[in-house]
Amino acid sequence: MDQTLKYYDDNAETFAGSTQNVEFTATQDRFLAKIKLGGRILDFGCGAGRDTRYFLGKGYVVEAVDGSAKMCRIASDYAGIPVRQMLFQDLHEQDRYDGIWACSSILHLNRKDLVDVLGKMAVALKEHGYIYTSFKYGEFEGYRNERYFIDFTESTVASLLQEIPGLYLDEQWVSGDVRPGRENEKWLNLFLGKKD
């Protein structure tokens, strides 16, 4: 099993406890403002199900997937819908989603796989669809805290997006971590739109 997935399986309950009740509505609502009410959202790497539950409560149709079997069980219980175990690379939908929410999830891919998966995400979006995703701010790539990470800055994201013809940068901003005690950790938040 991939080392990153093993980490999440081994630490699922602890991770859920640190993320499920985190206040994240400012970013969630900023994303929903771009998606028509009742639209279909893919929570792509849903973790413990916090965002799936929030989007369902706001009246959206949500599909949720995660690579960790234990996370899928926790998220299913928390959000009240079946969560499918799936790797990011196995996304093969076309014109299905109004929005894809990939919060702190696809940052576990290496650069080559990330380019491939973002291309698949673009294909999976409907016309005028949007992606939200986030990466730790910086230029590190490799293993950290038992998991693989790729970090980005504004300039390295611009370079990445040149390799993904189906997407354009709609908005980006840097924020602090919302988890208590980790406010000094910086994140790069991105809204990516599907090109016509």
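The buried residues of helix α3 (residues 25–32) are Thr-27, Gln-28, Phe-31 and Leu-32, where buried denotes under 20% relative accessible area, exposed over 50% and partly exposed the range in between, with a 1.4 Å probe and protein chains only. These residues lie on the same side of α3, because they cover an arc of only 135 degrees around the axis, the arc being that of the directions from the helix axis to the C-beta atoms. They pack against β1, α4 (50–57), β4, β5, β8 and β9, with contact meaning heavy atoms within 4.5 Å. Helices (H or I, at least four residues) and strands (E, at least two) are DSSP runs, numbered from the N terminus.

The structure is a predicted model, in which local features need pLDDT of at least 70 and side-chain atom pairs count only at pLDDT 80 or more, whereas totals for chains, interfaces and linings use all residues. Residues are numbered from 1 along each chain as its sequence is written, and side-chain values use heavy atoms, with hydrogens and water left out.

Seven strands form an open sheet with mixed pairing, in the order β3-β2-β1-β4-β5-β9-β8; two strands pair if DSSP finds at least two bridges between them. At the edges stand β3 (84–85) and β8 (167–176), each of which pairs on one side only. Strands β4 (residues 97–102) and β5 (residues 125–136) run parallel and are joined by 5 bridges; Ile-100 has Ile-131 in β5 as its bridge partner. Helix α3 packs on this sheet, touching β1 (40–44), β4, β5, β8 and β9 (186–194), and its direction makes about 155 degrees with that of β4. Axes are lines fitted to C-alpha atoms, for helices over the stretch in contact, and angles run from 0 to 180 degrees between N-to-C directions. Helix α6 (residues 111–124) also packs on the sheet, with a direction at about 150 degrees to that of β5.

Aromatic pairs number 15, counted for rings of Phe, Tyr and Trp (its six-membered ring) whose centres lie within 6.5 Å; planes under 30 degrees apart are stacked, over 60 edge-to-face and the rest tilted. Phe-31 and Phe-191 are stacked, at 6.5 Å centre to centre and 15 degrees between the planes. This pair links helix α3 to strand β9 across 160 residues. Phe-31 is buried, with a relative accessible area of 0%, and Phe-191 likewise has a value of 0%. Phe-44 and Phe-88 form an edge-to-face pair, 4.8 Å centre to centre.
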